[in-house]
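Q: I would like to learn how to read a protein model feature by feature. Could you take me through one, giving the general idea and then the case at hand?

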Amino acid sequence: MSEENLALVLAGPILRQISTTKLSMWIATSQALELQLSLQAKGKPPQLFDHQQIMQTSQCICAGERLYYYLIDLELKSALPVDTWVSYDLGLIKAGESEPLTWRDWAPELVYPPHNLPGFVVPNKVKQMLHGSCRKPHFASGDGLVRADAWLAEQELDNWPSLLMLSGDQVYADDVATPMLVAIHQLIARLGLANEPFQDSKLAASEQLHAQGHYLSRQELLPKEGVELAANKALFSAVKKPIFTSDHANNHLISLAEMLAMYLLVWSPSAWPKLDMSPPDSLSLDQLDEFVKQRETLDGFVAGLAKVQRLLAHLPCAMMFDDHDVTDDWNLTAAWEQSAYGHPFSKRIIGNALVAYFLCQGWGNAPDNFSAKLMGELQASLLAPGGQQHIALIDTLLSYPQWHYHWDTEPRLLVLDTRTHRWRSERNLNSPSGLMDWEALTDLQQQLIGLDAVILVSPAPMFGVKLIEVIQRLFTLAGKPLLVDAENWMAHPGSANALLNLFRHPKTPQHFVILSGDVHYSFAYQIQLRGREGGPDIWQITSSGIKNQFPEGLLNTLDRINRWLYSPRSPLNWFTRRRRMRIVPHRPENAARGERLLNASGIGLLELNSDGSPKAVLQLTAKGEAIAFEMSEQDARWE
């Protein structure tokens with residue numbers, strides 16, 4: 001397959017961390033290129049960087065014959081002004097050529113009118129930001145990132161958000177539509193990605209997997225005896241969950257190549273042209289009908305990708321994994337970990353997803369967290385997947401200590417890893433693990449000491465809907481935590497108490513804004529704790545999903561029952577107080593009587609006061625609405 005059949009830019013540019021003295025930008029290309037970059041702030045002389053200057057601090061990673069990743073990571077020559085438009089011109093020079101190709105050549109819809117170049121604004125303080133999670137391409141709704149792009153196009157520069165926080169499930173490696181898997185396999189061939197041999201699998205290597213597809217039958221690829229059966233259930237089981245969701249793991253991505261191709265297809269329109277979306281011959285009539293429906297939904301998703309590409313090129317994008325970026329219920333219990341990591345093939349699948357996250361998301365969050373040695377191991381793994389270096393890299397990443405990170409914004413942005421350093425139950429391996437262990441929570445407390453305000457990103461809400469948490473607890477007591485995704489901070493006594501003690505510490509911030517996703521609905525709570533005079537002021541703000549929703553009728557029922565059972569006057573609420581917290585829910589404007597949860601695909605918009613406390617909380621829905629959350633003091637309750 002020749003390079004002429006591929007776009008030059010496969011994804012990006014995605015703006016990552018920026019400040020007055022630093023700029024990070026991620027881009028994926030189909031050729032090795034020389035880069036040029038110019039920055040132009042209004043009223044300032046331009047800053048020019050040639051390829052040699054860029055590569056002194058930046059890096060290129062080759063992932064295949066026709067797939068290259070660049071993370072431009074620059075210390076700027078002179079400080080950029082704050083609250084001012086800064087345009088950038090990224091020039092790409094092909095081998096053997098001297099003239100750079102500009103955005104007009106490789107992304108003609110990249111710029112917001114009336115500008116003639118892409119750009120950004122370096123904020124003096126975080127006055128507002130966009131945030132969300134859970135973007136499933138084949139979910140039958142609009143795309144919250146497309147809505148964010150439309151909203152941004154209407155804003156004056158002094159109203160631009162400081163950043164976009166993507167707090168989990170940027171991809172669904174475990175829930176893939178069959179047409180998407182067809183596209184992934186074609187793209188792998190076009191990119192010339194290396195073959196990956198497998199261990200302890202019914203397949204010898206990824207070439208066999210990609211050629212045959214194994215559509216809607218991935219659960220059959222692990223042996224079904226002993227520890228292999230447990231691993232199969234942990235990773236591939238398409239169990240219908242009685243309360244929350246129906247999992248569809250039968251198209252679970254497996255190879256590293258599949259994981260990398262997925263990222264390109266969800267972030268950019270460039271990889272989609274010339275892909276044949278015809279259904280596989282192996283599908284039954286019912287599966288064919290579902291294929292056609294999914295393909296229609298994906299057609300709408302792809303139509304919006306140029307807008308998504310434009311948005312990501314203009315706002316600094318912070319990211320963090322949640323379970324679907326790797327696999328559903330990732331590290332939920334110690335028993336799950338034993339099963340999933342106890343078989344080489346299931347461990348490889350999880351590891352491949354984490355390698356892809358590292359390259360496509362984690363690398364740009366905090367480049368300084370990753371040593372030159374680790375980046376060299378990543379490069380070696382990509383060119384020889386399945387080899388010893390690849391296996392060793394997976395071992396390293398599964399216990400990597402620095403997936404969490406912070407950005408020195410004002411207030412500071414602190415993004416938590418709630419997946420890989422969990423507080424495992426010592427009494428029952430099937431009980432939910434705490435979302436962070438004692439050491440991680442202690443480190444977090446040290447980072448918070450001395451701050452007046454903080455934006456704390458926890459992919460799962462720290463303070464959730466009480467009825468749903470009670471249901472999760474009941475299923476846990478019955479030994480079935482996996483059936484209801486029993487992942488909440490209060491499910492593990494040790495982590496819950498450590499978390500609340502952190503909030504009560506006299507030297508931690510007065511203003512906590514907690515941003516979360518995960519749950520496929522949106523809400524806003526204000527929390528007051530007893531035991532600390534004068535504070536703290538805690539806000540739990542959840543926006544989910546970008547392109548996903550909770551079952552409508554079920555959520556309405558749970559929402560109303562929750563309000564009825566745990567109203568301020570309810571005896572049940574009085575008898576089930578646990579944490580000495582006062583919860584003040586904020587009602588979505590125009591919500592029906594008794595509703596406190598918002599079920600709509602979209603993106604969250606948070607506005608902050610100068611002291612870091614929330615000024616306004618809105619959800620920009622994919623349907624074009626802007627729904628504000630209003631305080632409902634009459635529903636306040638002590639827990």
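Q: In which sense do strand S16 and strand S18 pair, and over how many bridges?

A: Strands of a sheet pair through backbone hydrogen bonds, and the pairing is either parallel or antiparallel. In this model, which is predicted, S16 (residues 523-529) and S18 pair in the antiparallel sense, over six bridges.

Q: Why is strand S18 described as largely enclosed by the rest of the structure?

A: A residue is called buried when its relative accessible area is under 20%. Seven of the eight residues of S18 (residues 581-588) are buried, and therefore the strand is largely enclosed by the rest of the structure.

Q: What does the protein chain contain as a whole, in helices and strands?

A: The secondary structure of the protein chain comes to 18 helices and 22 strands. Of its 639 residues, 62% are buried. Among the contacts with a sequence separation of 6 or more, 76% are between residues 24 or more positions apart.

Q: Which way do the side chains of strand S2 point, and are they buried or exposed?

A: In a regular strand the side chains alternate between the two faces of the sheet. In S2, Lys22, Ser24, Trp26 and Ala28 point one way, while Leu23, Met25, Ile27 and Thr29 point the other way, and all of them are buried. Because eight of the eight residues of S2 (residues 22-29) are buried, this strand is largely enclosed by the rest of the structure.

Q: How many bridges join S2 to strand S6, and over how many does S2 pair with strand S1?

A: S2 is joined to S6 (residues 67-75) by eight bridges, and these two strands run antiparallel; in this pairing Ile27 stands opposite Tyr70 in S6. The pairing of S2 with S1 (residues 9-18) is also in the antiparallel sense, over five bridges, and there the bridge partner of Ile14 is Trp26 in S2. S1 and S2 form a hairpin, with three residues between them.

Q: In what order do the strands S4, S3, S7 and S8 form their open sheet?

A: The four strands follow the order S4-S3-S7-S8, and their pairing is antiparallel. Strands S4 (47-49) and S8 (119-121) stand at the edges with a single partner strand each, so one side of each is left without a neighbour in the sheet. From one strand to the next, the twist averages 20°. Within this sheet, S3 (residues 34-41) and S7 (residues 85-93) pair over eight bridges in the antiparallel sense, and Gln40 has Ser87 in S7 as its bridge partner.

Q: At what angle do helix H4 and helix H8 pack, and how far apart are their axes?

A: Two packed helices are described by the angle between their axes and the distance between the axes. For H4 (residues 178-191) and H8 (residues 285-303), the angle is about 70° and the axes are 8 Å apart, which means that H4 is roughly perpendicular to H8. Where they meet, Thr178, Pro179, Met180 and Val182 in H4 face Phe291, Gln294, Arg295 and Leu298 in H8 as contact partners. The residues of this contact divide into five nonpolar, two polar and one charged.

Q: Is Glu258 buried or exposed, and which side chain does its own side chain meet in a polar contact?

A: Glu258 has its place in helix H7 (residues 256-267), and it counts as buried because its relative accessibility is 0%. The side chain of Glu258 makes a polar contact with the side chain of His185, at 2.7 Å. Leaving aside residues up to four places away in sequence, Glu258 also touches other residues, including Leu181, Ile184, His210 and Arg218.

Q: Which residues does Trp103 touch, not counting those up to four places away in sequence?

A: Trp103 lies in helix H2 (residues 103-106) and, at 10% relative accessibility, counts as buried. It touches Leu90, Pro108, Leu110, Val111, Asn116, Leu117 and Pro118, with residues up to four places away in sequence not counted. A polar atom of the Trp103 side chain lies 3.2 Å from the backbone oxygen of Asn116. Trp103 and Gly91 are twelve residues apart in sequence, and their C-alpha atoms are 7.6 Å apart in space.

How values were computed. Residues are numbered from 1 along each chain as its sequence is written. This is a predicted model: local features need pLDDT of at least 70, side-chain atom pairs count only at pLDDT 80 or more; totals for chains, interfaces and linings use all residues. Side-chain values use heavy atoms; hydrogens and water are left out. Axes are lines fitted to C-alpha atoms, for helices over the stretch in contact, and angles run from 0 to 180 degrees between N-to-C directions. Angles under 35 degrees count as roughly parallel, over 145 as roughly antiparallel, 65 to 115 as roughly perpendicular and the rest as oblique. Contact means heavy atoms within 4.5 Å. Ala, Val, Leu, Ile, Met, Phe, Trp, Tyr, Cys and Pro count as nonpolar, Asp, Glu, Lys and Arg as charged, and the others, Gly among them, as polar. Buried means under 20% relative accessible area, exposed over 50%, partly exposed in between (1.4 Å probe, protein chains only). A polar contact is a pair of N or O atoms within 3.5 Å; within protein, one must be able to donate a hydrogen and the other to accept it, and residues adjacent in sequence count only if both atoms are side-chain atoms. Two strands pair if DSSP finds at least two bridges between them.
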